[in-house]
Amino acid sequence: MTDKRLKYADQITLERIKVLHPAIRDKVREAYLNVNTHMLGKCVRLRLAYTTRSLEEQDALYAIGRTKLFDASGKRLGKVTNAKGGQSIHNYGLAWDIVLLLDTNGDGNFDTASWDTVADFDGDMVADWMEVVDAFKAIGAEWGGDWKFTDKPHFQMAFGMDWRAMQEKIHNGEFEIEEIDRIKYKWIKL
Ligand SMILES: [Zn+2]
């Protein structure tokens, strides 16, 4: 039997979930499919904008607004992160960031990104962003919107660790390697 939820699923998101840490991959996939199919209305979809980031990708983000000051068109760039490679939970495959995708004109294309955390696009009297927050909290995820310095698109399942504890595990060889689409990932042992 085919999973009807896949008909509404975002392929890019499913690909990104595949490279989350194996300990959380299936849970995040289930929560994603459920919220995307049943909690958001037909004009709203959920996308995971970022999941796992390599150390190189993290260092490249850290450079933006610091050593990389301009984009290709000459626009001045601001800082986007305070985390260097190894200092983000994303580097361990245990974090993901969300964005809502809207079909604003009903043509079936979800081509408008939204980070609006209070809008109720599906008209069910609950902000869509918070429906997603509830769905991920239900699987035990921590939401960046609850932090002192809020990061509302961010979710993580860190198993009581901070990035230092995770980095320590890598240094101590407490990890397993998994190859996905010819890229090798180091997953810390939990
Ligand atoms: Zn994040």
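# Exercises on a predicted model

The protein holds 5 helices and 7 strands; helices (H or I, at least four residues) and strands (E, at least two) are DSSP runs, numbered from the N terminus. This is a predicted model, in which local features need pLDDT of at least 70 and side-chain atom pairs count only at pLDDT 80 or more, while totals for chains, interfaces and linings use all residues. Residues are numbered from 1 along each chain as its sequence is written.

## Exercise 1: overall form

Task: state the order of the elements, the domains and the extent of the protein.

Solution. 
1. Read from the N terminus, the elements follow the order α-α-β-α-β-β-α-β-β-α-β-β.
2. The domain assignment, whose bounds come from an automatic or database source, gives domain 1 (4–52 + 89–188) and domain 2 (54–87). The C-alpha centres of domain 1 and domain 2 are 22 Å apart.
3. The C-alpha trace spans about 50 × 45 × 35 Å along its principal axes.
4. The radius of gyration is taken over C-alpha atoms, and the globule rule is 2.2 Å times the number of residues to the power 0.38. For 190 residues a compact globule would have a value near 16 Å; the protein has 17 Å, which agrees.

## Exercise 2: helix α4

Solution. 
1. Apply the burial rule: a residue is buried if 20 or more other C-beta atoms lie within 10 Å of its own, exposed if 12 or fewer, and partly exposed in between, with C-beta atoms placed from the backbone. Of the 190 residues of the protein, 27% count as buried.
2. In α4 the buried residues are Asp128, Trp129, Glu131, Val132, Val133, Ala135 and Phe136.
3. Contacts are pairs of residues whose C-beta atoms, placed from the backbone, lie within 7 Å.
4. Phe136 touches Ala31, Ala141, Trp143 and Phe155, leaving out residues up to four places away in sequence.

## Exercise 3: the largest nonpolar core

Task: find which residues have the most contacts inside the largest nonpolar core, and which element gives the largest share.

Solution. 
1. A nonpolar core is a set of buried Ala, Val, Leu, Ile, Met, Phe, Trp, Tyr and Cys residues joined through C-beta atoms within 7 Å.
2. The largest such core has 32 residues, and Val132 and Phe136 have the most contacts inside it.
3. Two or more residues of this core come from each of α2, β1, β2, α4 and β7 (183–188).
4. The largest share, 6 residues, is given by α2.

## Exercise 4: leucine 40

Task: decide whether leucine 40 is buried or exposed, and list what it touches.

Solution. 
1. Leucine 40 sits in the loop between α2 and β1.
2. Leucine 40 has 22 other C-beta atoms within 10 Å and is therefore buried.
3. Leaving out residues up to four places away in sequence, leucine 40 touches Val35, Arg45, Leu46, Asp122, Asp128 and Glu131.

## Exercise 5: positive phi

Task: describe the phi and the exposure of methionine 125.

Solution. 
1. Most residues other than glycine have a negative phi.
2. Methionine 125 has a positive phi, near 70 degrees.
3. Methionine 125 lies in the loop between β3 (112–114) and α4, and counts as exposed, with 6 C-beta neighbours inside 10 Å.

Notes:
Two residues are in contact if their C-beta atoms, placed from the backbone, lie within 7 Å.
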